Amino acid sequence: MKILDCEYPDGLLYDVEDGTWARESDGIYVIGVAPTLGWLSGGFESVKLKSVGTRVARGQSIGSVEGPRHFDVVRAPFDCTVVERNGAVLDSPRLVNKSPYHDGWLAKLKQTGEETSLAPLAQCAANVRSRLLELRVHCFAAFPDMEIYEIGVECAAVLSKLDEIIAVSPAETTIHVVSDDPTAAIEMERWERQTGNSLLEARRDGTLFHFIVKKR
Amino acid sequence: MSGSPKEPTYAHPEVLVDTEWVGNHLQDRSVRVAEVDYDPVANYGAGHIPGAVLFDWKKDMNDPLNRDILSRKELEDLLGRNGVTKDTTIVLYGDFNNWFAAYAFWDLKYYGVKDVRLMNGGRKKWLLEDRPLTKDGPQYQRTSYVASEPEERIRAYKDYVSASIRSRSRVLVDVRGPKEFTGEVLAPPEYPTEHAQRGGHIPGAQNIPWAQAVNDADGTFKSRAQLDELYKSKGVTADREVITYCRIGERSSFSWFVLKYLLGFPDVKNYDGSWTEWGNSVRQPIER
């Protein structure tokens, strides 16, 4: 289900306090980062995980994640042993933001103690919502590779900057553009038609306009 | 006796405490630990060192109206309502690799507070070590703290910086990232309000990013020998007066701390106006 524009799949377990999700099969839990922590971070630049075989007590860290806006540890939701680490996210931390529930998982844990901090979504959706509001986390249609904040700048100038960045970026680069020019919504639609790049989302938040664009 | 030379220590090691020291002083009534956060909701509010008070950088460390650091009266109130006396040892730590804790350190020194220390590695190291955290807000009996007149020798203003350009006896250290130094980036998107009209750096400034002074793994300071070499290689030496700056003066407080306390340079000033003043001012010379 969507909670305040953030994706929280129904079948998973969540540790709201810690900002993680988990999926169980045969006593092994796959653990990953939920939107609260993922979007708060501004995009991970570093992911560190304890080595396979490490025993971790509930509430102690199995690793850490760091982005330009936030550093945090990821805690074990129960007493456990680390049985596998996702090497892909150690090499490309952004994968945790881009694909939080699939390729961007962090580790697999074998539960060794009974007490758990995990709860199904039906039990914790209200907490997720209040946590997102408290942290002022906003989720968008896709996690951007970069952000351009252009406040007090005319939309034409914003677009020329966007074009410059798009020109040197690889295909499918996703950019979050923020503008306070009232004509931005119309201009961005025209830009999409003219350039053939995609406008994945346009959202107004007070006097600010948020756009998620993707290079074709 | 071992023949190997002793590793040189910091010039003023007493201003730095490690996480273990803080862990051993949680019950010490003569110590007041304060977490200094840019983002208190996601940090202090999510759990902090037991007994630690919060210094909210935006609300507590700045003048609410004029662009300035907090006034002497505001500092006296901040320390007073957190139960600080003249005999208290204040230990600061915080989010963002201690940037804002270093800024608070500089603020407190500006108003003559004697015993202020920084916890090496900040909030990051405390979390990495799985040390205890609490969400309980502590209560301390209010005191009436009296601060000193401002210590202007540790603060630089725009005109003074202008007069220091290409001076032989003074050196400007720009501690921002290389892309901010060259003007390619005006303000990282994380801080949209810290925008400047022009990009670049103050003419003649040396670019020594703050991060080069810390170990990536846990955010602690590099060794004395490594720091000595880092600054010496850029011509920043103790015989010159050093002025540090960044975008809003917080990362430069961090480098100011390194130069003044870890390396013991006699004359180091923080230009807190930094790029958000320089790059927005008319007719200030800029180099790219």
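I began with the contact between the two chains, counting heavy atoms within 4.5 Å, and found that 21 residues of chain A are in contact with 19 residues of chain B. I note that this is a predicted model, in which local features need pLDDT of at least 70, side-chain atom pairs count only at pLDDT 80 or more, and totals for chains, interfaces and linings use all residues. Residues are numbered from 1 along each chain as its sequence is written, chains are lettered from A in the order in which they are written, and side-chain values use heavy atoms, with hydrogens and water left out.

Next I looked up the buried area, meaning the accessible area (1.4 Å probe) that two parts lose on being put together, summed over both. Chain A and chain B bury about 1700 Å² between them, with 51% of it on carbon and sulfur atoms. In chain A, the residues that lose the most area to chain B are A:Arg69, A:Phe71 and A:Tyr149, together 26% of what that side buries.

I then turned to salt bridges (a side-chain nitrogen of Lys or Arg within 4 Å of a carboxyl oxygen of Asp or Glu), and there are three between chain A and chain B. I looked up a salt bridge between the side chains of A:Glu66 and B:Lys124, at 2.9 Å, N to O.

For the elements, I used DSSP runs (helices are H or I, at least four residues; strands are E, at least two), numbered from the N terminus. On the side of chain A that touches chain B, β8 (61-66), β9 (71-75), α4 (121-134) and β13 (146-150) each supply at least two residues, and β9(A) gives the most, with four residues.
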